[in-house]
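Student: Could you walk me through this fold with me looking at the model? I'd like to begin with the strand pairing.

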Amino acid sequence: MSVQIDTNNSVIMPEAVFIIGTYDENGVPNAMNAAWGTQTDFNEIVISLSKHKTTDNLEKTGAFTVAFGTVDTVTICDYFGVESGNKVNKIEKAGCHVRKSELVNAPIIEEFPLTLECKVKSWKPEEGILVGEIVAEQADDSIMTADGHVDLDKMKPIIYDSAIHAYRSVGPVIATAFEEGFKIKKSVDKWDN
Ligand SMILES: Cc1cc2nc3c(=O)[nH]c(=O)nc-3n(C[C@H](O)[C@H](O)[C@H](O)COP(=O)(O)O)c2cc1C
């Protein structure tokens, strides 16, 4: 039996925990939490945003960073979503440390181990849709494998469960992508779809 869910409660889940970092016109860093976003091309991210200190900032600088929430940063992540940079320096209050990206005019928050550096490709305030060009990605070496990829077991990313307004950790690997389906497909040519 199918149950129809109230779309004001939950639509797509789980969601991301993106931490958007920006500078204001005086170089003061800020960060906000955003769940409504995703990758839309190899070097593109789209995020749905209301008007915030963050959007005022990125309108001026044309740049932002996106860090990924982790188990170790969950308190900071939620804080960045419940207070506005219009009222307080959230970076200082959270005890975070920032350095300026070498590639875009936006802060990298050092407490987060993985961060995208983005240029504003388009920002439509009336629609609330931010499109960013991902220029580079910075990873702390503590989350890297010996062969050079990000190890999510070390990073411990979190996801947002919008049904119950909670953060959840990401679980173990359960199958290999582009392999598992061949238990049903059983074709010798993997790419004949
Ligand atoms: C879990 C969570 C997810 C959020 N997702 C979004 C979002 O996708 N878009 C948005 O505009 N605001 C979102 N917010 C609200 C902003 O983070 C919040 O209004 C924040 O204070 C804005 O910060 P700023 O004024 O310093 O830019 C979210 C907040 C939380 C706690």
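Tutor: Let us start with β4 and β9 (residues 129-139), which pair in the antiparallel sense over five bridges; two strands count as paired if DSSP finds at least two bridges between them. Strands (E, at least two residues) and helices (H or I, at least four) are DSSP runs, numbered from the N terminus. This is a predicted model, in which local features need pLDDT of at least 70 and side-chain atom pairs count only at pLDDT 80 or more, while totals for chains, interfaces and linings use all residues. Residues are numbered from 1 along each chain as its sequence is written.

Student: Which residue in β9 stands opposite Val46?

Tutor: That is Val131.

Student: And what is the strand order of the open sheet?

Tutor: The seven strands run in the order β2-β1-β5-β8-β9-β4-β3, with antiparallel pairing. Since β2 and β3 (37-41) stand at the edges with a single partner strand each, one side of each is left without a neighbour in the sheet. Neighbouring strands are turned by 35° against each other on average, direction ignored, with axes taken as lines fitted to C-alpha atoms (for helices over the stretch in contact) and angles running from 0 to 180 degrees between N-to-C directions.

Student: Which strands does α1 lie across?

Tutor: Helix α1 (residues 53-61) lies across β1, β2, β5 and β8, at about 50° to β1, whereas α2 lies across β1 and β2 and runs at about 95° to β2.

Student: Changing topic, which residues touch the most other members of the largest nonpolar core?

Tutor: Phe18, Ile19, Ile20 and Val66 do, out of 32 residues; such a core is a set of buried Ala, Val, Leu, Ile, Met, Phe, Trp, Tyr and Cys residues joined through C-beta atoms within 7 Å. β5 gives the most to this core, with five residues. A residue is buried if 20 or more other C-beta atoms lie within 10 Å of its own, exposed if 12 or fewer, and partly exposed in between, with C-beta atoms placed from the backbone.

Student: Is His165 buried or exposed?

Tutor: His165 counts as exposed because it has 10 C-beta neighbours inside 10 Å. His165 lies in the loop between β10 (158-161) and β11 (166-169), and its phi is near 50°, a positive value in a residue other than glycine.

Student: Where is the cis peptide bond?

Tutor: The bond from Met13 to Pro14 is cis, with omega near 0°, and Pro14 lies in the segment before β1 (18-23). Most peptide bonds are trans.

Terms used. Contact = placed C-beta atoms within 7 Å.
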